[in-house]
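Me: I am new to this structure and would like to learn how to read it. Could you walk me through a few features?

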Amino acid sequence: MVKDLVWGEILRVGVDEIDDDHRKLVNIFNLLNHAVMEGESPEYLAALLDELINCAVWHFSHEERLMLKHRYAGIEEHKAEHQELIVSAKKLKQEILQADKATVNQQIEFLERWLTEHIFATDMRLGSYLSQVM
Ligand SMILES: [Fe+2]
């Protein structure tokens, strides 16, 4: 069983508009995690994953716009990490629809690790940069 992500001080990057988006992503991730544990149908899981992907795509464009506006030097690496998540989440959706349970659990753990590590490292760096220049 994958633990829920708990929104809190530790995940805050210090830029309200980014933190607001992250809170939404965390909520959708937790809904997905619960739905997997409760054995919801593949169609329902895929719909939740679509919601997560759409929210992530929107949020990544938001961050990328802020990086451009404030001439953030690490933009290319940061964008590459975003791209990686979208690719994995789309792959997970295919696996869910093929109802491959073992892989689904691994992928949920991977998504959770990705989200937290990306926020802790990459977004934290961006947040401290933006807090100084905005
Ligand atoms: Fe990011």
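This is a predicted model: local features need pLDDT of at least 70, side-chain atom pairs count only at pLDDT 80 or more; totals for chains, interfaces and linings use all residues.

Me: What span should helix α4 have?

Reply: Helices are DSSP runs (H or I, at least four residues), numbered from the N terminus. The expected span is 1.5 Å times one less than the number of residues. Because α4 has 33 residues (101-133), it should span 48 Å, and its end C-alpha atoms, 46 Å apart, agree with that.

Me: Where is the kink in α4 centred?

Reply: A bend is the angle between axes fitted to the seven residues ending at a residue and the seven starting there. In α4 the kink is about 40° and centred on Asp-123.

Me: Which residues of α4 are buried?

Reply: Buried means 20 or more other C-beta atoms within 10 Å of a residue's own, exposed means 12 or fewer, and partly exposed lies in between, with C-beta atoms placed from the backbone. Among the buried ones are Leu-111, Leu-115 and Ile-119. Their cover includes α1 (16-37), α2 (42-69) and α3 (75-97).

Me: Is Gly-8 buried or exposed?

Reply: Gly-8, in the segment before α1, counts as exposed because it has 8 C-beta neighbours inside 10 Å. From Leu-66, Gly-8 is 58 residues away in sequence and 23 Å in space, C-alpha to C-alpha.

Terms used: Residues are numbered from 1 along each chain as its sequence is written. Helices (H or I, at least four residues) and strands (E, at least two) are DSSP runs, numbered from the N terminus. Two residues are in contact if their C-beta atoms, placed from the backbone, lie within 7 Å.
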